[in-house]
Amino acid sequence: MSEVRIRPRQVLVLIIVFIFVLLMVHRNGKRTCQGPEYLQAMYTKSLTDTLPKIYAITPTYARPAQKAELTRLSHLFMLVPNLHWIIVEDANSTTALVRNVLLRAGLTNRFTQLNIKTPPEFKLQGKDPNWIKPRGVEQRNLALTWLRSHADVDRHAIVFFMDDDNSYALELFVEMSKIKPGRVGIWPVGLVGGLMVERPLLNEDNKVIGFNAAWRPERPFPIDMAAFGISMDLFFKYPQAAFSYEVQRGYQESEILRYLTTSDQLQPLANNCRDVLVWHTRTEKTKLNAEEMLQRQGKRSDEGIEV
């Protein structure tokens, strides 16, 4: 009898499908599923290996809320079968805390953990506002270097820059999977740039003809980092495409996209940019006054506990 080999990725997908089968209920004599149809369709495509892999790049750094932020994001990866998480720590080495989050989420074969330290001159200090210096430049560039060395050049894949404090709907990744080879997909982002929603403006042929940005609208691409996904083949085609410290505030998106596309070549998604599926949320800075008092006494509330 020949031996049947099942890859870990197939096992994970089968488990997810099985969970959804368990959710099947009888309603009015008909068999219906409580899970959303778009997610069921994604699992079906995953079983036939027809979904493009989405590489989600997340820069992260040590702070009190780090584990909470990453745990929240990890739940998306547990549900979306074609996501691969490239998580890049701003540190001299990778940490057990981040690895534990990834392993506890069951992402053993679906993550890459990297690290690179931001140069001191570009590091935020003390009470610096988070916009005063470019963030995540080293980390995103390292992830792109890793991808150019490890991604399969013959298979269509998507690259998405996924900050760890935003809020993402599952449908976003269904839409992202529709990005065509050689294209950059684009969609609206909520609660950003001083607006309820920042979005591309389309003509009758659903071509991007402008943007509604209120902040620095003169930028070549006046959009948020969460507003686009990029076909991986473009990074092979344009190896010079990278982020830079030598750009004005708010120009990181324009810096990377100028190598890869033009506005009129963007691929509108999310119901022709009418659906908001990602929000630029931020976690309030953790107040630890009582903890600081304890530490002055040589004590800690989290002694021996990973928080």
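Student: Which residue takes a positive phi in the hairpin of β9 and β10?

Tutor: Gly193 does, with a phi near 65 degrees, and the hairpin has two residues between its strands. Strands here are DSSP runs of E with at least two residues, helices are runs of H or I with at least four, and both are numbered from the N terminus. Please note that this is a predicted model, in which local features need pLDDT of at least 70 and side-chain atom pairs count only at pLDDT 80 or more, while totals for chains, interfaces and linings use all residues. Residues are numbered from 1 along each chain as its sequence is written, and side-chain values use heavy atoms, with hydrogens and water left out.

Student: How many bridges join β9 to β10?

Tutor: Three bridges join β9 (residues 189-192) to β10 (residues 195-198), and the two strands run antiparallel. Val189 stands opposite Glu198 in β10. Two strands are said to pair if DSSP finds at least two bridges between them.

Student: How many helices and strands are there in the protein?

Tutor: The protein has 10 helices and 15 strands. Of its 307 residues, 44% are buried. Buried means under 20% relative accessible area, exposed means over 50%, and partly exposed lies in between (1.4 Å probe, protein chains only).

Student: What is the order of the strands in the open sheet?

Tutor: The order is β5-β4-β3-β6-β13-β8-β14, seven strands with mixed pairing. β5 (111-115) and β14 (267-268) stand at the edges with a single partner strand each, so one side of each has no neighbour in the sheet.

Student: Let us take β6. Which way does β6 run relative to β3, parallel or antiparallel?

Tutor: β3 and β6 (residues 157-161) run parallel and are joined by five bridges. Lys53 stands opposite Ala157 in β6, and the bridge partner of Ile54 is Ile158. With β13 (residues 228-231), β6 runs antiparallel through three bridges, and Val159 stands opposite Ile230.

Student: How many residues of β6 are buried?

Tutor: Five of its five residues are buried. Both faces are covered, with Ala157, Val159 and Phe161 on one side and Ile158 and Phe160 on the other. In a regular strand, side chains alternate between the two faces of the sheet.

Student: Which residues touch the most other members of the largest nonpolar core?

Tutor: They are Leu147, Phe161, Phe173, Phe228 and Phe235, in a core of 74 residues. A nonpolar core is a set of buried Ala, Val, Leu, Ile, Met, Phe, Trp, Tyr and Cys residues joined through side-chain atoms within 4.5 Å. Leaving out residues up to four places away in sequence, Phe161 touches residues including Ile57, Leu144, Met225, Phe228 and Phe243. Contact means heavy atoms within 4.5 Å.

Student: Now the helices. How many residues does α3 have?

Tutor: Helix α3 (residues 66-79) has 14 residues. The helix reaches 21 Å from its first C-alpha to its last, close to the expected 20 Å; the expected span is 1.5 Å times one less than the number of residues.

Student: Which residues of α3 are buried?

Tutor: Gln66, Lys67, Glu69, Leu70, Leu73, Ser74, Leu76 and Phe77 are buried. Seen down the axis of α3, they fall within an arc of 165 degrees, so they line one face of the helix. The arc is that of the directions from the helix axis to the C-beta atoms. Their cover includes β3 (53-60), β4 (83-89), α4 (96-104), β7 (167-168) and α6 (170-176).

Student: And α2, which of its residues are buried?

Tutor: In α2 (residues 37-47), Leu39, Met42, Tyr43 and Ser46 are buried. Seen down the axis of α2, they fall within an arc of 100 degrees, so these residues line one face of the helix. On the other side, Glu37 and Thr44 are exposed. Asp49, which follows α2, has a positive phi near 60 degrees.

Student: One last topic: where is Glu171 found?

Tutor: Glu171 is found in helix α6. Glu171 is partly exposed, at a relative accessible area of 31%. Apart from residues up to four places away in sequence, Glu171 touches Tyr38 and Leu277. The C-alpha atoms of Glu171 and Val278 are separated by 9.4 Å, although the two are 107 residues apart along the chain.
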